[in-house]
Amino acid sequence: MRNFKLLLGAFITLFIISCEGPEGPPGINGSEFEAPAFEITRDLVFNADNGTYELTPQSYPSDITLLIDDVILIYRLEDVVDNNTPLWRQLPQPLITDQGTLFYNFDFTLNDFNIVVESDFDSNLVPLDLVEDQTFRIVVIPANLGTSKLDTSNIEAVLSALNINEADIKKVE
């Protein structure tokens, strides 16, 4: 009798453990969202009113539409190192110069984005090679991507997670 109770208890335990709960939220289906990325090269223009260099608000390419909860990440091409490997840095980004510290920053809306360079020193002393002919990559992170743990500081990790190849990145003139 004792063995029977033990055996019955084991079956009941296995039955309870193997039961399923309610279905969770749907996962990511690659066809449910588009994660576009594009690249621009621009000069940032000095704004004497507030002592900053700015990229005037830029519209997204016509084939990109941001949805209400989408976000963008922006990376600045800081250098090209060994074997023509680009070195991208995520904005916002502080940059230490001989004159002081520069801060590359950005903001965005559903319609456009803006890049700003602020300095903690006289902005007339900002080296022009840090504000002219600057290349930026903009990556749209879809809202329905979920709460995955994405290392946004690493552009290669972001592009890989979003299944974006180098050939998929549009060069916008």
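Let's start with one ring, F46: with 32% relative accessibility, it counts as partly exposed. One thing to keep in mind throughout is that this is a predicted model.

F46 has an aromatic partner, Y53, and the two rings are tilted, with 5.2 Å from centre to centre and 55° between the planes. Y53 itself is buried, at a relative accessible area of 8%. A second pair is F106 with F108: their centres are 6.4 Å apart and their planes meet at 25°, so this pair is stacked. Searching the whole structure gives five aromatic pairs, and F38, Y60 and F113 come together as one aromatic cluster.

Now let's move to the sheet. Five strands make an open sheet, and their order is β5-β4-β9-β1-β10, with mixed pairing. Which strands stand at the edges? They are β5, residues 85–90, and β10, residues 170–172; each has a single partner strand, so one side of each is left without a neighbour in the sheet. On average, neighbouring strands here are turned by 30° against each other, if we ignore direction.

Let's walk through some of the pairings.

β9 deserves a moment of its own. How many of its eight residues are buried? Eight of the eight, so the strand is mostly covered. In a regular strand, side chains alternate between the two faces of the sheet. In β9, Q134, F136, I138 and V140 point one way, T135, R137, V139 and I141 point the other way, and all are buried.

In soluble globular proteins, nonpolar side chains tend to be buried together. The largest nonpolar core in this model has 25 residues, and L44, I72, I74, F113, I115, F136 and I138 are those with the most contacts inside it. β1, β3, β4, β7, β8 and β9 each supply at least two residues of this core. For a view from inside, take I74: leaving aside neighbours within four places in sequence, its contacts include F106, F113, I115, F136 and I138, and also R89 and R137. There is also a second, separate core of 13 residues, with L73, V139, I141 and V158 among them.

Where is E166? Its place is in the loop between α2, residues 155–161, and β10. E166 counts as partly exposed, at 46% relative accessibility. Apart from residues up to four places away in sequence, E166 touches R137 and K171, and its side chain makes a polar contact of 2.3 Å with the side chain of R137. The C-alpha atoms of E166 and E156 are separated by 9.6 Å, with the two residues ten apart along the chain.

Last, some backbone details. Most residues other than glycine have a negative phi, and most peptide bonds are trans. Against that background, N83 has a positive phi near 60°, and N84 likewise has a positive phi near 60°. N83 belongs to the hairpin of β4 and β5, which has three residues between the strands, and N84 lies in the loop between those strands as well. Buried or exposed, what is N83? It is exposed, with a relative accessible area of 79%, and N84 is exposed too, at 67%. Finally, the peptide bond from L91 to P92 is cis, with omega near 0°; P92 lies in the loop between β5 and β6.

Thanks, everyone, and I'm happy to take questions.

Notes: Residues are numbered from 1 along each chain as its sequence is written. This is a predicted model: local features need pLDDT of at least 70, side-chain atom pairs count only at pLDDT 80 or more; totals for chains, interfaces and linings use all residues. Side-chain values use heavy atoms; hydrogens and water are left out. Two strands pair if DSSP finds at least two bridges between them. Helices (H or I, at least four residues) and strands (E, at least two) are DSSP runs, numbered from the N terminus. Axes are lines fitted to C-alpha atoms, for helices over the stretch in contact, and angles run from 0 to 180 degrees between N-to-C directions. Buried means under 20% relative accessible area, exposed over 50%, partly exposed in between (1.4 Å probe, protein chains only). Contact means heavy atoms within 4.5 Å. A polar contact is a pair of N or O atoms within 3.5 Å; within protein, one must be able to donate a hydrogen and the other to accept it, and residues adjacent in sequence count only if both atoms are side-chain atoms. Rings of Phe, Tyr and Trp (its six-membered ring) pair if their centres lie within 6.5 Å; planes under 30 degrees apart count as stacked, over 60 as edge-to-face and the rest as tilted. A nonpolar core is a set of buried Ala, Val, Leu, Ile, Met, Phe, Trp, Tyr and Cys residues joined through side-chain atoms within 4.5 Å.
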